[in-house]
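Hello,

Here is the structure I promised to pass on to you. Have a look at it first, and then read my notes below.

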Amino acid sequence: MEHYNMNLTLKVWRQKNASDSGRFETYPVKNISSEMSFLEMIDVLNEELISEGKDPIAFDHDCREGICGACSMYINGRPHGPWHANTTCQLHMRAYQDGDTVVIEPWRANSFPVIKDLVVDRSAFDRIIQAGGYISINTGNAVDANAIAINKDNADAAFAAAACIGCGACVAACKNSSALLFVSAKVSHLALLPQGNPERKTRAMNMVAQMDKEGFGACTNTGACEAVCPKEISIENIARLNREYMMAGAASDK
Amino acid sequence: MKWSELFTSSIGKKWVMALTGLFLIIFLIVHAGINACIWANDGGVMFNKAAHFMGSTVVIRIAEIGLFLGIFLHIIQGLMLEFQNRSKRKKGYAVPMGNKGSKWYSRSMGLLGTILLLFFILHWWHFWVPARFIGHPELTELEINGVHMHNMYNLMQYTFQELWVVIAYVIACISLCWHLIHGFQSAFRTVGVSNAKYNSLIQNVGVGYSIIISLAFAMMPVSMYLGWV
C-alpha cells in the first residue's frame with residue numbers, strides 16, 4: 001500500500017476529572033503518516049501538547065497489539081473506529097484521508113464513569129468476573145491438559161467466547177448500555193467446558209446479579225455489540241446465557 | 001434464587017417480554033383469521049357468526065382475561081424497560097452510532113410499541129367497548145339461523161367510512177410490521193432458541209409472518225373504505 005502523509009482535524013473529549021463537566025477541544029495534527037497506528041497519532045499530538053506546556057490527552061492503552069482490551073476510544077460514532085473486528089490500537093491511519101475530521105469520545109455509560117479525558121473506569125467488569133468468572137480446581141501439580149476429553153465443537157465455541165478481552169465496546173455500542181455480550185462470553189466460555197460445570201448454575205445467577213447491580217441496561221437484541229466487537233464475540237452467546245440463567249434460576253432450590 | 005428475583009432481573013424481564021410477545025404473536029393469527037371472514041363475500045354473515053362465537057363461548061371469554069393480562073404485562077414491562085434502559089447513559093455521544101451495527105426498527109421498539117398502544121386505545125374504543133359495554137347506533141342486531149347476535153360487520157363498515165380512521169389503522173399496521181420483524185426473532189433469542197441451524201428459519205418465518213399479518217390487517221379498513229366488501 002502506498003505511503004502518504006495527511007493533515008487531520010481532531011475533536012477530542014477533554015475532561016479534567018470525574019466531577020468536571022468536560023468539553024470537546026479541536027486539535028489540528030499535521031504530517032501524520034498513513035503507516036502510523038491511531039494511538040501513535042495521538043502520541044504525536046501529546047508530544048506537541050507537552051512541549052507547549054499543555055496537559056496531554058489521557059487515554060487507556062497497554063499491549064498495543066489488540067489483545068489486552070485496554071484501549072477504548074469511540075471514534076466518529078463507532079467504538080474502536082471504522083474497521084471491523086479491530087481494536088483502537090490496531091486501527092491504522094491509512095483508514096483516513098488528508099483533511100478528514102475525527103471525533104474521539106470516551107465510552108459512554110453510567111457504569112463506565114469518565115476518570116479523565118478518554119479514560120473510563122471499567123472496574124464494573126472486574127467485579128462481574130469476581131462474582132462468578134472462575135472455576136474450582138485442586139491445588140498441587142497442574143493436571144494434564146488432555147486428561148478430560150472435550151468435544152471439539154464445544155472446545156472451539158468455548159475458545160471463541162474466551163477471546164473476549166473485556167474492552168467494553170459492547171457496552172459503548174449498545175443503546176441500552178447493556179453488558180450482556182461481555183457477561184455471556186464469560187459465562188459461555190466456562191459453561192461449555194466440563195471444568196466449568198461445578199459452578200455452572202451459581203455462576204450464571206451471580207454474574208447476572210452483579211451486572212444488574214453495576215447499573216448496566218437490559219439487552220434488547222439489537223446486535224450493535226456483535227457488530228463492533230474486536231474479537232467477533234457472537235450474540236449466540238447471549239442466547240446461551242439467557243438459557244443458562246433461566247434454567248439455573250428456575251431450578252435453584254431456594 | 002426467588003421467583004421474584006428471577007423475573008425482576010434484567011434477563012428475567014426480557015423473558016417476560018419474550019413470552020408475552022410470543023403469546024401475542026399467536027393471538028394475532030387468531031384475530032386476523034376471524035377478521036378475514038369479512039372477505040367471504042356474503043354480506044358479513046360468516047364474519048358475524050365468527051365474532052359471535054368468539055364473544056359467546058365461555059372458554060374464549062376466560063382466555064380473553066389471559067389475553068388482556070398478556071397485553072398489559074407486555075405494555076407495562078416494555079415501557080418500564082425502555083425508560084430504565086434510556087437512563088443507563090446519562091451523557092450521550094456527540095456522534096451517534098446510528099445504523100452502524102443495528103437496524104433502526106430494532107432500536108425503536110419502544111416508539112413502535114407506543115404507536116401501537118395509542119392505536120389500541122382507538123381500536124378498543126371503536127369495537128371492543130361498544131360490543132361489550134356501551135353499544136353503538138350502528139351496532140345493530142340481527143338473527144342468523146335463529147341465533148340472535150350483534151352486527152359487527154355493520155359497525156366495521158360504518159367505522160371505516162372515515163378516511164382518517166383508515167389512515168390511522170394503516171399507520172398502526174406499518175408500525176406493527178416493523179415491531180414484529182424485530183420482536184419475532186428477538187423473542188426466540190431471549191428464550192435461548194438460537195443456533196445456526198434454526199436462525200435463518202426463525203428469521204425468514206418471522207419476516208414472512210410480520211408482513212402477511214400486517215398486510216392482512218391493513219387491507220381490512222382499506223377494503224371497506226374502497227367498497228371492496
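How many residues of chain B are in contact with chain A, and how many of chain A with chain B? The contact involves 40 residues of chain B and 50 residues of chain A, where contact means heavy atoms within 4.5 Å.

A word on the ground rules. This is a predicted model, in which local features need pLDDT of at least 70 and side-chain atom pairs count only at pLDDT 80 or more, while totals for chains, interfaces and linings use all residues. Residues are numbered from 1 along each chain as its sequence is written, chains are lettered from A and ligands numbered from 1 in the order in which they are written, and side-chain values use heavy atoms, with hydrogens and water left out.

**Where the chains meet**

Chain B and chain A bury about 3,700 Å² between them, 56% of it on carbon and sulfur atoms. Buried area here is the accessible area (1.4 Å probe) that two parts lose on being put together, summed over both. Between the two chains there are zero salt bridges; a salt bridge is a side-chain nitrogen of Lys or Arg within 4 Å of a carboxyl oxygen of Asp or Glu. By class, the side of chain B that touches chain A has 13 nonpolar, 16 polar and 11 charged residues. For this count, Ala, Val, Leu, Ile, Met, Phe, Trp, Tyr, Cys and Pro are nonpolar, Asp, Glu, Lys and Arg are charged, and the others, Gly among them, are polar.

**Salt bridges**

Over all chains, the count comes to 15 salt bridges. Side chains of opposite charge can pair when their charged atoms come close. One of the bridges joins A:Lys152 to A:Asp156 (2.8 Å, N to O). Both residues lie in helix α3 (residues 152-162) of chain A, four residues apart, about one turn of the helix. Helices are DSSP runs (H or I, at least four residues), numbered from the N terminus.

The cut-offs are under 20% relative accessible area for buried, over 50% for exposed, and partly exposed in between (1.4 Å probe, protein chains only).

A salt bridge also links A:Lys54 with A:Glu52 (3.2 Å, N to O). A:Lys54 is partly exposed at 47%, and A:Glu52 is partly exposed at 49%. Finally, A:Arg14, A:Asp55, A:Lys116 and A:Asp117 are linked in a network of salt bridges.

Happy exploring!

Key
Helix = DSSP H or I, 4+ residues; strand = E, 2+ residues; numbered from the N terminus.
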